[in-house]
Amino acid sequence: MEPLASGDPARIGPFRLVARLGRGGMGRVYLGRAESTGRAVAVKTIHGELVADAEFRTRFSHEVAAARRVRDEYIAEVVDADPDGPTPWLATAYVPGISVEDAVRRFGPLPADSVRILGVCVARAVAAIHGVGLVHRDLKPGNVLLTATGPKVIDFGIARGVAEAGLTRTGMVSGSPPYMAPEQLTHGAFGPPSDVFSLAAILHYAATAAGPYGRGGAQEQYARALAVGPLLDAALPNTLAELIGRCFLTDTAARPSAVEVARALEAHPAERPTPGWLPSAVVSDILAQATDALNKDSAGGVPTPDGHASMPYGAVNTPPRPAPMRQPMPPPQAPQQQQQAPLIPPPVQPRVQTPAQPTPAQPRVNTPPPFAPPSTPRPNSSYPNAPYANPPYTGTPPRPIPQTPRSPQRYPAQGVPAQPYPPQAQFQYGQTGAPLPYGYRPSATDNGMAVTALVLALVGIFVPCLLPIALPFGFIGLSKARTIGVGRGQAMAGTIISGLLLTGWIVLILTIASASSN
């Protein structure tokens, strides 16, 4: 995935382009995002020099028609297309994954079971293509993407109906020679058996990192294909060798169909890829590809209607909100006058204290306010905002709230009634002779080591690697229980459970080891 270049369009149709995905035989592929729904798509366009070619336009129109006719969970879904526009394009659902070619080149051949599941899914996709009377004609490792939920077949660039051979020029070979059937290389003939050959070539490459015509450059493999023909690599697993050998037969009538290949590879009917069907290294790279696509999308700008600067996709283009103005406190006024906050702060005046209105639930005491002269009567409810003068303080200071001393109480724990502590009572908490403040008594959950040992021992039933950690925690909890007097039960239970489970696992491992050695 690469960032957009200066000559790339900003949008194609209803899609905003955010990155380059690659370059194919007919055009460039972009990562786009639908403005209306936010869906990620792969937008494929035709090269500028091919737009004026009527035959290439016809081929692209057939590609769009073919892709729209095929529906299968292992084929990239067509979202939208415009084959007759000034720049023809086709948008399919974006598949966050890597191709079989890239996966094998970077991480080596796939395990045999991964290749088997790959063959089941791709064979079902090829069967769906053949079921509507089409032939893909360009099946290769680069056109099969690996995802966490299963492979996806992409690129119907030269898909054709079986009866539409006239669309190909005389003597023109369409496809990828290292994975094409011998009849395609020699006579240009194609049909469902040629797709089955290419399907087997993909599985052969995934399992051995070599195609049916060996390793080397394209010209070397093409010459070997004409002189020798397809050969099975010695590294091919025995479980796949017999089926792939049948698909490599020169007699097209003797090759199995795509449906037969799927049935021969599946472990049970309607088998689907499980979450661990790919090696962890490949899955990590797939996740990195998905994250990169999200980062490219978030870094891309959304063009504004006037075509000026852009913002990240999903952001709202609103002007910055000014900070709210703090209105000044209005001066005291008589209740008959309407109060209005001035826009300009008034001159500095002595601060006026307005007494709070008593709540209805409390009886009103008709006493002078604390910061008013004793002779000034307290305002009633009919005159709540009357100002007071601010003479020197002569009133009675506020009466302090009486604080009733509280004797420390013994908190009820485990059915013990609340009782006051004697003055000389002290508890050992953390260190001997340290008094507890505020009469606090440690509860049964204060021995964290004991509780941790019990929790680790219980979790260790399913995660054995935690048992060696739970055992020392139990001993520490027992030692701490003798000091503070709590948590002995949890520490004892955690120590016993972890010890028994750890012993059992050791005996089981030794038994299995001795049995395997015999």
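A residue counts as buried when its relative accessible area is under 20%. In this predicted model, that cut-off applies to His204, whose relative accessibility is 1%, so His204 is classed as buried.

**His204 in helix H5**
- His204 lies in helix H5, which comprises residues 192–208.
- Leaving aside residues up to four places away in sequence, His204 is in contact with Ala209, Ala210, Gly211, Pro212, Leu231, Leu232, Asp233, Leu236, Ile244 and Phe248.

**Helix H11**
- Helix H11 covers residues 467–484, and its 18 residues should span 26 Å at 1.5 Å a residue. The C-alpha atoms at its ends are 25 Å apart, which agrees with that expectation.
- The buried residues of H11 are Leu467, Ala470, Gly474, Gly477, Leu478, Ala481 and Ile484.
- Viewed down the axis of H11, these buried residues fall within an arc of 140°, and they therefore line one face of the helix.
- Helix H10 (448–459) and helix H12 (488–517) are included in what covers the buried residues of H11.
- Gly485 follows H11 and has a positive phi, near 80°.

**Helix H2**
- In helix H2, which runs over residues 100–107, Val100, Ala103 and Val104 are buried.

Note on methods
Residues numbered from 1 in each chain as written. Predicted model: local features only at pLDDT ≥ 70, side-chain atom pairs only at ≥ 80, totals over all residues. Heavy atoms only, no water. Helix = DSSP H or I, 4+ residues; strand = E, 2+ residues; numbered from the N terminus. Expected span 1.5 Å × (residues − 1). Buried < 20%, exposed > 50% of the residue type's maximum accessible area, 1.4 Å probe, protein only. Arc of directions from axis to C-beta. Contact = heavy atoms within 4.5 Å.
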